[in-house]
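Please read the following report alongside the sequence and the 3D structure.

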Amino acid sequence: MRTNGDGRIEDVAREIDRGDLNIAFTGAGVSTASGIPDFRSEGGLWDRYDPSVFRIGKFRSDPASFWETMLEVRRETFRTEPEPNPAHDALARLYDDDLLEAVVTQNVDGLHQEAGVPDNDVVELHGNVERVACESCGRRADADETIERAGDDLPPLCGSCGEAVKPDTVLFGERLPEGALYRARELAGNADVVLVAGSSLTVEPAASIPRIANGGGTTLVVVNFDPTPSSVSPDYEFNADVTDVLPAIVDEI
Ligand SMILES: [Zn+2]
């Protein structure tokens, strides 16, 4: 495993063990290890679809055709039932051992919950594809059930008020959910250790969260294939596979 700087597994393990409040911040790199394509990478979703079809304006003006594309993408992206990988499992172990307060994630696949971190301690900055949301009455519901009930009759409708539902994910042109963003910032500002995994910290505004941490007395650990931009200076950086490094850190504790 190639590490750079002074990124040493045992030092990171000690920092986490010592920390009173540690959080993880995860990005696409944690999901790709479960076979979920990175939308932004070459050959990814945004190369094949015009991003404008995923705009909130598109949903509002033509929900039926929006959902047609959305269902095609769902079938393609989640062709096989994705499973948590060793990186998810390692974070869930830390959580179980009371060494992790919460997981802040840019991912929308719900795999942290599936690995065992409870829903209320997964801070979802971009929502979750397993849910749909009604803009009209605010109700959230299970995506599969709602889509199945709709059948060919698109768009799927809210079970309470009968309006068209949208995926409970952040579409282009939408703001990140205030509550999640607030909690993420607060956690980062108070954290002893922020463990960033699978994010190159380039997508704003979510990427600002580790930087908040970086400003105070927080230990910033980054595990990601690609080096972080020079605007961030992690205390430890591992440019390696998250499914190797995270289990190695947890094993060391
Ligand atoms: Zn509704």
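The largest cavity of this predicted model has a volume of about 40 Å³. A cavity is here a set of points on a 1 Å grid over the protein atoms alone where a 1.4 Å probe fits but cannot get out. Grid points are joined across faces, edges and corners, and the volume is the space filled by probe spheres set on the points. By this rule, one cavity of 30 Å³ or more is counted.

Two short notes apply to the values. Residues are numbered from 1 along each chain as its sequence is written, and side-chain values use heavy atoms, with hydrogens and water left out. Local features need pLDDT of at least 70 and side-chain atom pairs count only at pLDDT 80 or more, while totals for chains, interfaces and linings use all residues.

The lining of the largest cavity (residues with an atom within 4 Å of a point) includes Val132, Ala133 and Cys134, as well as Arg139, Arg140 and Ala141. Also among the lining residues are Thr146, Leu157, Cys158, Gly159 and Val165. Strands are DSSP runs of E with at least two residues, numbered from the N terminus. Two of them, β4 (127–134) and β5 (140–142), each supply at least two residues of this lining. The largest share, three residues, comes from β4. By class, seven lining residues are nonpolar, two polar and two charged. In this scheme Ala, Val, Leu, Ile, Met, Phe, Trp, Tyr, Cys and Pro count as nonpolar, Asp, Glu, Lys and Arg as charged, and the others, Gly among them, as polar.

How many salt bridges does the structure hold? There are 12, a salt bridge being a side-chain nitrogen of Lys or Arg within 4 Å of a carboxyl oxygen of Asp or Glu.

| Aspartate 11 | Arginine 8 | 3.2 Å |

The partners can be described by relative accessible area, where buried means under 20%, exposed over 50% and partly exposed in between (1.4 Å probe, protein chains only). Aspartate 11 is buried at 13%, whereas arginine 8 is partly exposed at 42%. Arginine 175 counts as exposed, with 67%.

Aspartate 11 and arginine 8 also belong to a network of salt bridges that links Arg8, Glu10, Asp11 and Arg14.

Key: 1 Å grid on protein atoms, 1.4 Å probe; cavity = no way out; pocket = protein on both sides within 12 Å on 5 of 7 lines; lining within 4 Å. Helix = DSSP H or I, 4+ residues; strand = E, 2+ residues; numbered from the N terminus.
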